[in-house]
Amino acid sequence: MVLAVGGLHPGESTERVIENCRCKLYQAARIFRRPGLNQPGGVGAVHPEGGFVTTSAGTGVSTHRQAGRNQASWPPPVPCWLVHRPTTSDVFLSDWEKTGIDRFTVMLRWPKDHAFHTTLHGLDSPTVIAEAIRQAGMLIAHAEYGVPVGHHFLMSHLNYTIEPELLDSGDHSPVLIEVTCTDVRLRGIRLSSMTCHMSFVRDGRVIATGEGSLACIPPAAYRRLRGEYADASPFLPVPDPVHPALVGRTDPDDVLLAPTKDPSRWILRAPTANKTLFSRTHDHIPGMVLLEAAHQAVFALAGSIRLYPTSLRLGFDRYAEFDTHCLIEARPVSRMRPEELSPGDDTICLSVTGHQAGQRIFRALLVGIPVSP
């Protein structure tokens, strides 16, 4: 088969052009309707990767999303390249549709027996919510707003709030993510940036809400932005970790903190052997690594308290580089502005920051609840 692509841009590979064409196919043909299936009570649709779906008239929700808890009956995961994950096991989304102007519904396949996204104190992992926010934003940017493969995504903030009483680690039924995009800005006809507001709904109940912002940077502009760091790679020795149990982990390769003399400060580790956290070649420490480091810092500070995060507000100030150690610090928060967080009497509030070469990399505000054994 010959694919007419109209010529390559300088430095652009044939493979990348093919992937960009696939992006455009997803954008232009989100749903192909099958003749003869537009009957009362159901509409037939085919997604570009195959997989026939029947939607209930007037609901905008695929019937397989309402059809019980058998994971084998779910549609396959979306292509890895749409969410920037190299392996299917790390892809948590399996379907989506446009429901209005800048509004979408995305289906979350809650991972079962994932090596990294494990349960926490018997409850569903908060890292799944955070990762789903990241993946849903990228999916919609590529498939619905036509952002080409090869563009870089920059996060300025990521927030989530979880209703732990509605979580059940044994419930692997599908979760619908209702997404509303605001502050959608275009550069010409191409998406420049947006903020995605999300509600996670399982069995008609909102189990979590979240928000994330992203900016889309073309490869050439990204190289100019990164300058001498554009081709950076890890080279510093990875220090020994704190004991995994201190941060709610069992595998040392999942631990992102190395001890210091101060029990509330740690050196950020970059264990690149962990392919969930370092899934591909990066020129900086990924934002999701910093998010996980914030989680682990509050677990370490909490000590014997079994802490479950119910709310996180995470803001990124600059890139975390590989050439200098990043210092992570966690502190209790005694007073907070009401618009930031409104913890209850039984909650624990902590602030986590990351600094590198005297500059702040990120700041996180986290609220958690103690969980009984």
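Residues are counted from 1 along each chain as its sequence is written. Because the model is predicted, local features need pLDDT of at least 70 and side-chain atom pairs count only at pLDDT 80 or more, while totals for chains, interfaces and linings use all residues, and side-chain values rest on heavy atoms, with hydrogens and water left out.

Twelve strands make up an open sheet with antiparallel pairing, in the order 4-5-7-8-9-6-12-15-14-13-11-10. Strand 4 (93–100) and strand 10 (257–259) sit at the edges with a single partner strand each, so one side of each has no neighbour in the sheet. From one strand to the next, the twist averages 25 degrees. A word on the terms: helices (H or I, at least four residues) and strands (E, at least two) are DSSP runs, numbered from the N terminus, and two strands pair if DSSP finds at least two bridges between them.

Strands 7 and 8 form a hairpin with two residues between them, and Gly188 in the turn has a positive phi of about 75 degrees.

Next come the helices. Helix 2 lies across strands 4, 5, 6 (152–162), 7, 8, 9 (205–217) and 12 (307–316), and runs at about 135 degrees to strand 6. Helix 3 (residues 219–226) packs on the sheet too, touching strand 6 and strand 9, with its direction at about 85 degrees to that of strand 6. Contact here means heavy atoms within 4.5 Å. Axes are lines fitted to C-alpha atoms, for helices over the stretch in contact, and angles between N-to-C directions run from 0 to 180 degrees.

Helix 2 also has a helical partner. Its axis and that of helix 4 (residues 287–302) come within 11 Å and cross at roughly 160 degrees. Residues of helix 2, including Ala130, Glu131 and Arg134, meet Met288, Leu291, Glu292 and His295 in helix 4.

Finally, the charged pairs. Side chains of opposite charge can pair when their charged atoms come close. The whole structure holds twelve salt bridges, each a side-chain nitrogen of Lys or Arg within 4 Å of a carboxyl oxygen of Asp or Glu. One of them links Arg134 to Glu131, with the closest N and O atoms 2.9 Å apart. Both residues lie in helix 2 (residues 126–143), three residues apart, or about one turn of the helix. Arg134 and Glu131 are both buried (under 20% relative accessible area; exposed is over 50%, partly exposed in between, with a 1.4 Å probe and protein chains only). Another salt bridge joins Arg223 and Asp231, with closest N and O atoms 2.9 Å apart. Arg223 counts as partly exposed because its relative accessibility is 45%, whereas Asp231 is exposed at 60%. Asp262, Arg265, Glu329 and Arg331 are linked in a salt-bridge network.
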